[in-house]
Amino acid sequence: MESLQISNADCHQVQKNGFVNWKTSSLKCVEASPPPTTTTVLPAPGGCSIDPNSDIEMPKYPPFITDAQGRLVVANGTDDDRAISVNKGESVFLSCPKENFLNYPSEARLEIRCDSDSGSSFTLVKSGSEEAASFSSLGCEKQYGEDFVKTGEACGP
């Protein structure tokens, strides 16, 4: 039979009220661990945030945003409180399918890296150079088209 361990405080209460036959019981009294005296609060992770509902942060024709593995990056949250978050030091990739970037018409894909603790300013990483860029300046020239191909197969999981 396994013994059940209870704190000394509970043990004294049990002894005082006479709830247990100590000769036949498998209860064992143990010293309770003292409660922690300090609490460590971890700092919030730094990073960039883009508010899709903001006319200031979002370009008129926003680009597709993908991660390093080519997966689509989408906003987290609810309709009124959502954001696209990029951790400090990480990059995402922008594209305007079948269209040009408004301010970078010769580029088919842009890499932007978050180098700040907050806000929607990024570092635009180009071959051999880097420059600061706000997300609002990284839009497409016009709304890109979307092509749907009916395959007869279900989409998604």
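This is a predicted model: local features need pLDDT of at least 70, side-chain atom pairs count only at pLDDT 80 or more; totals for chains, interfaces and linings use all residues.
## Disulfides

Two disulfides are counted in the structure. One is formed by cysteine 48 and cysteine 114, with their sulfur atoms 2.1 Å apart. The link of cysteine 48 and cysteine 114 is right-handed, with 90° about the S-S bond. Cysteine 48 and cysteine 114 are buried.

Another disulfide joins cysteine 96 to cysteine 140, with an S to S distance of 2.0 Å. The link of cysteine 96 and cysteine 140 is left-handed, at -90° about the S-S bond. Cysteine 96 sits in the loop between E7 and E8, while cysteine 140 is in the segment after strand E10 (129–134), so the pair ties together parts that are 44 residues apart in sequence. Both cysteine 96 and cysteine 140 are buried.

## Salt bridges

The whole structure contains four salt bridges. One of them pairs lysine 88 with aspartate 117, and the closest N and O atoms of this pair are 3.2 Å apart. This pair links distant parts of the chain, 29 residues apart: lysine 88 is in the loop between strand E6 (82–87) and strand E7 (91–95), and aspartate 117 is in the loop between strand E8 (109–113) and strand E9 (121–126). Lysine 88 has a relative accessible area of 45% and is therefore partly exposed. Aspartate 117, with 52%, is exposed, because the exposed class begins over 50%.

Arginine 113 and aspartate 115 also meet through their side chains in a salt bridge, at 2.9 Å from N to O. Salt bridges with shared partners join Arg113, Asp115 and Glu130 into one network.

Threonine 66 lies in strand E4 (residues 64–66). The relative accessibility of threonine 66 is 19%, so this residue counts as buried; the cut-off for buried is under 20%. Apart from neighbours within four places in sequence, threonine 66 contacts Arg71, Leu72, Val73, Val92 and Phe93.

Arginine 71, one of the residues in contact with threonine 66, forms a salt bridge with aspartate 67. The closest N and O atoms of aspartate 67 and arginine 71 are 2.8 Å apart. Aspartate 67 is buried, with a relative accessible area of 16%.

Technical notes. Residues are numbered from 1 along each chain as its sequence is written. Side-chain values use heavy atoms; hydrogens and water are left out. Helices (H or I, at least four residues) and strands (E, at least two) are DSSP runs, numbered from the N terminus. Buried means under 20% relative accessible area, exposed over 50%, partly exposed in between (1.4 Å probe, protein chains only). Contact means heavy atoms within 4.5 Å. A disulfide is a pair of cysteine sulfur atoms within 2.5 Å.
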